[in-house]
Structure formats: structure tokens, C-alpha cells
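Subject: Structure handover

Hi,

Here is the structure I promised to pass on to you.

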Amino acid sequence: MKQKPYLTKADVDVLLQAANDFAEKNQFAVSIAVVDDGGHLLGFTRRDDCPAVSASIAQEKARSSALGRKESKAYEDMINGGRIAYLSVPVLQGMLEGGVNIVHEGQTIGAIGVSGVKSSQDAEVAKAGIAAWQAQH
């Protein structure tokens, strides 16, 4: 039987803390969601002054990234490139930049989704969390 790595509670804590620290340093009012490889929420934080809608958007960006095993920006680029039929995909709702999959030992084991500032800045927050976590592994 095959075995696969997965995110532990300690991993989720590191991911959230590092992403939150980056957001704080840059004064970004964002929501940050961490999900497993099935898109199920493992951890979440919403910074002060962040719009309430960002809580849902961050989770959906993370979910789309985890399920697709790629950054959510890929979906946004695909749709903006003219493949608008992709909007009808049933389980993906966070098809905007800001969801980044977490890869370990060649496998996507989860994702971070961020919402609240410009999409490119959302992605920076997610990548900062992942970089800090990867530095420990």
C-alpha cells in the first residue's frame, strides 16, 4: 500500500503564522485559509479590518488550488485567455489568483488561499507561508 505525506496541526500552525507575519509586515488586511489535499479546511485566520467576504474567497482559492494541484491563478489565466466554459466546472469556485498548492515529496498535500488585497499580493502572502514551512522540511 502506498503512503503519502500530510499536513499536521503543527504544520498548519507554521503556515498560518508565517503567512500572517508577512501580511502584518506589509499591512495587508487579509483572510488566510489552509486546506488539506481534498480541500478541507485545516486552519484559518482573518486579520483585523479585512472584509467579511474574503473569508469565503480565501477558503475557495485554497480549495481550488488543492483539488487542481496547481495555483488558482492558472484557472484565472485560462478563463481570461478565452476558455470561459471553465466557469462551469462544478466544484471549483475560487478561480482567482491567491491560492497556492503546497508540494512535499512531489505531491500536493494541501494549499493556502488568501484574500483581501490585490490578487498578486494575496499570492505573495500564501507563498511566504509556504516558504517558511518548506524551510523546516
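Let me start with Gly98: its relative accessible area is 2%, which puts it under the 20% cut-off, so it counts as buried. This is a predicted model, so please read everything below with that in mind. Gly98 sits in the loop between helix H3 (73-80) and strand S3 (99-104). What surrounds Gly98? Beyond its neighbours within four places in sequence, Gly98 is in contact with Lys61, Ser72, Ile112, Gly113, Val114, Ser119, Asp122, Ala123 and Ala126.

Four strands make up an open sheet, in the order S2-S1-S4-S3, with antiparallel pairing. Strand S2 (41-46) and S3 are the edge strands, each pairing on one side only. From one strand to the next, the twist averages 15°. Strand S1 (residues 31-36) and strand S4 (residues 107-115) run antiparallel and are joined by six bridges. If you want one of the bridges to look at, Asp36 has Gly110 in S4 as its bridge partner.

Two helices to view against that sheet are H2 and H4. Helix H2 (residues 53-68) packs on the sheet and touches S1, S2, S3 and S4; the direction of H2 makes about 155° with that of S4. Helix H4 (residues 119-135) lies across S1, S3 and S4, and runs at about 15° to S3.

In soluble globular proteins, nonpolar side chains tend to be buried together. Here the largest nonpolar core has 19 residues, and Leu7, Leu15, Ile32, Ile102 and Ile112 are those with the most contacts inside it. Helix H1 (9-25), S1, S3, S4 and H4 are the elements that give two or more residues to this core. Which element gives the most to this core? That is H1, with five residues. As for Ile102, leaving out residues up to four places away in sequence, it touches Leu7, Leu15, Gln107, Thr108, Ile109, Gly110, Ala111, Ile112, Ile130 and Trp133. Another core, of six residues, lies apart from the largest one; Ala33, Ala58, Ala62 and Ala111 are among them.

The 17 residues of H1 should span 24 Å at 1.5 Å a residue, and because its end C-alpha atoms are 24 Å apart, the two values agree. Buried in H1 are Asp11, Val12, Leu15, Leu16, Ala18, Ala19, Asn20 and Ala23. The cover over these buried residues includes S1, S2, S3, S4 and H4. After H1 comes Gln27, whose phi is positive, near 55°.

Last, the aromatic residues. A search of the whole structure finds two aromatic pairs. One of them is formed by Tyr75 and Tyr86 and is stacked, at 5.6 Å centre to centre with 20° between the planes. This pair links distant parts of the chain, since Tyr75 is in helix H3 and Tyr86 is in the loop between H3 and S3, 11 residues apart. Is Tyr75 buried or exposed? Its relative accessibility is 2%, so Tyr75 counts as buried.

Key
Residues numbered from 1 in each chain as written. Predicted model: local features only at pLDDT ≥ 70, side-chain atom pairs only at ≥ 80, totals over all residues. Heavy atoms only, no water. Buried < 20%, exposed > 50% of the residue type's maximum accessible area, 1.4 Å probe, protein only. Contact = heavy atoms within 4.5 Å. Phe/Tyr/Trp six-rings, centres within 6.5 Å; stacked < 30°, edge-to-face > 60°. Pairing = 2+ DSSP bridges. Axes fitted to C-alpha atoms, helices over the stretch in contact; angles between N-to-C directions. Core = buried A, V, L, I, M, F, W, Y, C linked by side-chain atoms within 4.5 Å. Expected span 1.5 Å × (residues − 1).
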